[in-house]
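Q: I'd like a close look at a single part of this model, told as one connected story. Pick one spot and follow its contacts, then tell me what you find in the rest of the chain.

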Amino acid sequence: MEETYLLNVEGVKKKILHGGQGELPKFQDGSKITFHFQTLKDDFERTVIDDSREAGIPMEIIVGKMFKLEIWETLLSSMRAGEVAEFWCDTIHTGMYALVSRGMRRIAEGRDPLEGQKHRCGMGNMFDYHSTGYADLDELQRTPQPLIFIMELFRVEEPSAYKRDTWAMSKEEKLAAVPVLHSEGNRLVLRKEFAQAAAKYQEAVICLRNLQAKEKPWEDGWLKLESLVTPLVLNYCQCQLELGEYYEVLEHTTELLQKHNDNAKAYFKRAKAHAAVWNEREAREDFLRVAHLDPSMAAAVKKELKQLGERMRKKHVEDRKRYQGLFQTPRGP
């Protein structure tokens, strides 16, 4: 079935490739739309730019949450469940696609979609994105052009019908969710379910980072949120220590200490991670800094330094034996 017609929107054409079922869903504020999409250039080869099926996870957007590519809400709102449709969209609707695609690709790669973004007004941020980090998207930014979107609508859920992801929450909902996530993480730690606890702490940090992105760094609002972030990051790092993810701990504690260079607990956790990966000098420096910043932790530091010394001596003995075995001349028959 292929029926082409114009939506009541300038610069948009729709072609139904496969009809859906039932009535048109109710698209109200807060509804969650789940769908697959494919983005193509409007050229002879119909070059594929993005395909959500390659990531294996359908796309989700929340109606009314100001998704950067506003036209997608309009396109999806014309579809029935199970429908597959092709939309041609003129340049007036596709100018933001490169930035949206950049964020989606970063998420698929397990990276922060806001990484490297400065805190500036919306217009300023547009000028900061001189490069997206992807050559094909850089080309789209330089020369905006019409695009084709092929979409398959799976379902539309009312706001009360699903557990809302934290990114889709309002500011007040995120602030209310943070202590709940913190408490759930602590409960899971007591049960020694460290991976699940780390996920709770991480989700709470993401909530707060999203709110911080709307504040000016180092001003009162930003600092209040940062005071909530710090203990969550430390708890997350403790879970990663228990799980043996030492380089993860080194990354997050170092990032924390770049902003808060007097945090003894961050130095302590980083020192333990350094010790675990045999960075003796760095571990000793961090442990000594802990004792200097917080004398109440001196006993714990002394114990850790003793254990570090014993582990390093044992390692040196084992290394010596191994190297001696390598260079010994084998005896003849």
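A: E226 belongs to helix 9, where helices (H or I, at least four residues) and strands (E, at least two) are DSSP runs numbered from the N terminus. Bear in mind that this is a predicted model, in which local features need pLDDT of at least 70 and side-chain atom pairs count only at pLDDT 80 or more, while totals for chains, interfaces and linings use all residues. Residues are numbered from 1 along each chain as its sequence is written, and side-chain values use heavy atoms, with hydrogens and water left out.

Back to E226: its relative accessible area is 1%, so E226 is buried. That word covers anything under 20%, with exposed meaning over 50% and partly exposed the range in between (1.4 Å probe, protein chains only). Setting aside neighbours within four places in sequence, E226 is in contact with R209, Q212, K259 and H260, contact meaning heavy atoms within 4.5 Å.

L232 has its place in helix 9 too. Its relative accessibility is 1%, which means L232 counts as buried. If you skip residues up to four places away in sequence, L232 touches V178, H182, Y201, A204, V205 and L208. L232 also has Q202 at 7.6 Å, C-alpha to C-alpha, although the two are 30 residues apart in sequence.

Now for the helix neighbours. Helix 9 (residues 220-242) packs with helix 10 (residues 246-259) at an angle of about 160°, their axes 9 Å apart. Here axes are lines fitted to C-alpha atoms, for helices over the stretch in contact, and angles run from 0 to 180 degrees between N-to-C directions. Helix 9 and helix 10 are therefore roughly antiparallel to each other; that label takes angles over 145 degrees, with under 35 counting as roughly parallel, 65 to 115 as roughly perpendicular and the rest as oblique. Helix 9 passes helix 10 in a left-handed crossing, that is, the near helix is turned anticlockwise from the far one by less than a right angle (clockwise would be right-handed). From helix 9, the contact is made by W222, E226, T230, V233, L234, Y236, C237, Q240 and L241. Helix 10 brings Y246, E248, V249, H252, T253, L256 and K259. Sorted by class, that contact has 9 nonpolar, 4 polar and 3 charged residues, with Ala, Val, Leu, Ile, Met, Phe, Trp, Tyr, Cys and Pro taken as nonpolar, Asp, Glu, Lys and Arg as charged, and the others, Gly among them, as polar.

Then there's helix 11 (residues 264-276), which packs with helix 9 at an angle of about 20°, with the axes 11 Å apart. That angle makes helix 9 roughly parallel to helix 11. The crossing of helix 9 and helix 11 is left-handed. Helix 9 makes the contact through L234, C237, Q238 and L241, and helix 11 through K265, A266, K269, K272 and A273. The class count for helix 9 with helix 11 is 5 nonpolar, 1 polar and 3 charged residues.

Strand 6 (residues 84-89) is mostly covered, with 5 of its 6 residues buried. Strand 6 pairs with strand 2 (residues 12-18) in the antiparallel sense over 6 bridges, pairing requiring at least two DSSP bridges between the strands. In that pair, H18 stands opposite V84 of strand 6. Strand 6 also pairs with strand 7 (residues 147-157), antiparallel again and over 6 bridges. There, the bridge partner of A85 is M151, while V84 is partnered with E152.

Strand 7 has an antiparallel pairing with strand 3 as well, over 10 bridges, and in it H36 stands opposite E152. Strand 3 (residues 32-41) pairs with strand 4 (residues 48-51) in the antiparallel sense over 3 bridges, with V48 of strand 4 as the bridge partner of L40. The hairpin of strand 3 and strand 4 has 6 residues between the strands, and R46 takes a positive phi near 50° there.

Stepping back, the protein chain has 13 helices and 7 strands, and 39% of its 333 residues count as buried. Among contacts between residues at least 6 apart in sequence, 68% join residues at least 24 apart.
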